[in-house]
Structure formats: C-alpha cells, structure tokens
Amino acid sequence: MPTSSVLVVEDSEIDQVIAKYMFNKFDENLEVLQAFDGVEALDILKGTHPQPIFIFLYF
C-alpha cells in the first residue's frame, strides 16, 4: 500500500513511463500520479488527499 505520492505532469507518454520507473526504483511503495497537462494536474490535486509530497513538471 502506497504511503505517499508524487505527481508527474508531462504530455509525452514515454517520458511519463520513464519518470514512473525512476520514482518506483527509488521507492516501490511510492504512488506515482500522472497528468498530461496542467488542467489534468489541477483536477488530480483537487481530489487527492493527502496531497502529493512532490510535483514533477517536465518541460
């Protein structure tokens, strides 16, 4: 069961996969939330409790 979460915001699906892999290698109990744009990220943040401990934005 995930104890904490991070939010990855990136429009590229392959970059999403790489980021999720990296975070899961760091801590396999970490929940990786994914959004493909800012609007989707805000929707996730509005409905997520507790809030992610880290928000990772790709540019």
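**Close-up views of a predicted model**

**View 1. The side chain of glutamine 51 meets the backbone of leucine 45.** In this predicted model, the side chain of glutamine 51 comes to 2.9 Å from the backbone oxygen of leucine 45. Glutamine 51 belongs to the loop that lies between helix H2 (38–47) and strand S3 (54–57), whereas leucine 45 has its place in helix H2. When neighbours within four places in sequence are left aside, the residues in contact with glutamine 51 are Ser5 and Leu45.

**View 2. Glutamine 51 in its loop, between helix H2 and strand S3.**

View 3. For isoleucine 55, which is ten residues from leucine 45 in sequence, the distance from C-alpha to C-alpha is 10.0 Å.

**View 4. A nonpolar patch on the surface, with valine 17 as one of its members.** The patch is formed by Ile14, Val17, Ile18, Tyr21 and Met22, which together have about 510 Å² of accessible area. Valine 17 is placed in helix H1, a helix that covers residues 13–26.

**View 5. The protein chain as a whole, with two helices and three strands.** Followed along the sequence, these elements come in the pattern β-α-β-α-β. The radius of gyration of the protein chain is 11 Å, which is close to the 10 Å that the globule rule gives for 59 residues, so the chain is as compact as a globular protein of that length. Its C-alpha atoms fill a box of roughly 25 × 25 × 15 Å along the principal axes. Of the 59 residues, 32% count as buried, and the accessible surface of the protein chain comes to about 4300 Å², with 61% of that surface belonging to carbon and sulfur atoms. Among the contacts between residues at least 6 apart in sequence, 66% join residues that are at least 24 apart.

Terms used:
Residues are numbered from 1 along each chain as its sequence is written. This is a predicted model: local features need pLDDT of at least 70, side-chain atom pairs count only at pLDDT 80 or more; totals for chains, interfaces and linings use all residues. Side-chain values use heavy atoms; hydrogens and water are left out. Patches are made of residues with over 30% relative accessible area and no salt bridge: like charges are joined within 9 Å, nonpolar side chains (Val, Leu, Ile, Met, Phe, Trp, Tyr) within 5 Å. Accessible areas come from the Shrake-Rupley method with a 1.4 Å probe; for residues, only the protein chains shown count as cover. A salt bridge is a side-chain nitrogen of Lys or Arg within 4 Å of a carboxyl oxygen of Asp or Glu. Helices (H or I, at least four residues) and strands (E, at least two) are DSSP runs, numbered from the N terminus. The radius of gyration is taken over C-alpha atoms; the globule rule is 2.2 Å times the number of residues to the power 0.38. Buried means under 20% relative accessible area, exposed over 50%, partly exposed in between (1.4 Å probe, protein chains only). Contact means heavy atoms within 4.5 Å. A polar contact is a pair of N or O atoms within 3.5 Å; within protein, one must be able to donate a hydrogen and the other to accept it, and residues adjacent in sequence count only if both atoms are side-chain atoms.
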